[in-house]
Amino acid sequence: MRPVRLPGRLLRPAPGLLCAALAAAAAQPATHTITVENMVYSPASLTVHRGDRITWVNKDLFPHTASALGGAFDSGAIAADGSWSYVAAKSGDFAYDCRFHPTMHGRLKVDP
Ligand SMILES: [Cu+2]
């Protein structure tokens with residue numbers, strides 16, 4: 001019986017393939033936190049990449065929401081001491097506010 005020899009190119013990734021793998025590793029989703037305190041989103045403006053996770057943490061004693069004006073996302077009521085997470089599925093520039101407090105404004109920019 002003859003031994004089976006695998007072609008070398010199957011065992012060793014081509015340089016281009018390795019670069020693609022490194023690029024994919026660099027683009028792992030990140031996590032971000034927006035604190036809601038004293039009726040203010042902080043940071044008020046945040047830029048993330050598509051696929052990143054953003055968590056709003058409510059440190060006030062009453063509920064807030066994070067509601068995109070175009071409807072791209074809406075937390076619903078985030079209770080006092082509660083939090084809400086959103087994975088940025090769509091890229092774009094999203095203004096959002098709190099449904100309970102019209103003076104509260106935030107902006108989430110999602111890069112592709
Ligand atoms: Cu509010």
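Arg-107 and Asp-93 form a salt bridge in which the closest N and O atoms are 2.6 Å apart, a salt bridge being a side-chain nitrogen of Lys or Arg within 4 Å of a carboxyl oxygen of Asp or Glu. Since Arg-107 lies in strand β8 and Asp-93 in strand β7, the pair ties together parts that are 14 residues apart in sequence; strands here are DSSP runs (E, at least two residues), numbered from the N terminus.

The structure is a predicted model, in which local features need pLDDT of at least 70 and side-chain atom pairs count only at pLDDT 80 or more, while totals for chains, interfaces and linings use all residues. Residues are numbered from 1 along each chain as its sequence is written, and side-chain values use heavy atoms, with hydrogens and water left out.

**Salt bridges**

The structure holds three salt bridges, listed below with the relative accessible area of each partner. Under the cut-offs used, buried means under 20% relative accessible area, exposed over 50% and partly exposed in between (1.4 Å probe, protein chains only).

| Arg-99 (60%, exposed) | Asp-74 (32%, partly exposed) | 2.3 Å |

The salt bridge of Arg-99 with Asp-74 links distant parts of the chain, with Arg-99 in the loop between β7 and β8 and Asp-74 in the loop between β5 and β6 (83–87), 25 residues apart.

**Sheet**

Four strands form an open sheet of mixed pairing, in the order β3-β8-β7-β5, where two strands pair if DSSP finds at least two bridges between them. At its edges stand β3 (45–49) and β5, each of which pairs on one side only. Strands β7 and β8 run antiparallel and are joined by six bridges, and Ala-95 stands opposite Arg-107 in β8. Ala-95 is also 8.0 Å from Gly-70, C-alpha to C-alpha, although the two are 25 residues apart in sequence. Gly-70 has its place in the loop between β5 and β6 and is exposed, with a relative accessible area of 79%.

**Copper site**

The copper ion has as its protein donors His-64 (ND1), Cys-98 (SG) and His-101 (ND1), which lie 2.0 to 2.1 Å from it. Donors are N, O and S atoms within 2.8 Å of the metal (3.2 Å for Na, K and Ca), and because water is not among the atoms, sites may look incomplete. Along the chain the donors follow the spacing H-x33-C-x2-H. His-64 lies in the loop between β4 (53–58) and β5 (67–68) and Cys-98 in the loop between β7 (92–97) and β8 (105–111), so this pair ties together parts that are 34 residues apart in sequence. Both His-64 and Cys-98 are buried.

**Nonpolar core**

The largest nonpolar core has 19 residues, and those with the most contacts inside it are Tyr-41, Ile-54, Trp-56, Phe-73, Tyr-96 and Leu-108. Two or more residues of this core come from each of β1 (31–37), β3, β4, β7 and β8. Such a core is a set of buried Ala, Val, Leu, Ile, Met, Phe, Trp, Tyr and Cys residues joined through side-chain atoms within 4.5 Å. Leaving aside its neighbours within four places in sequence, Phe-73 is in contact (heavy atoms within 4.5 Å) with Trp-56, Ala-66, Ser-67, Ala-68, Trp-84, Tyr-86, Phe-94, Tyr-96 and Leu-108.
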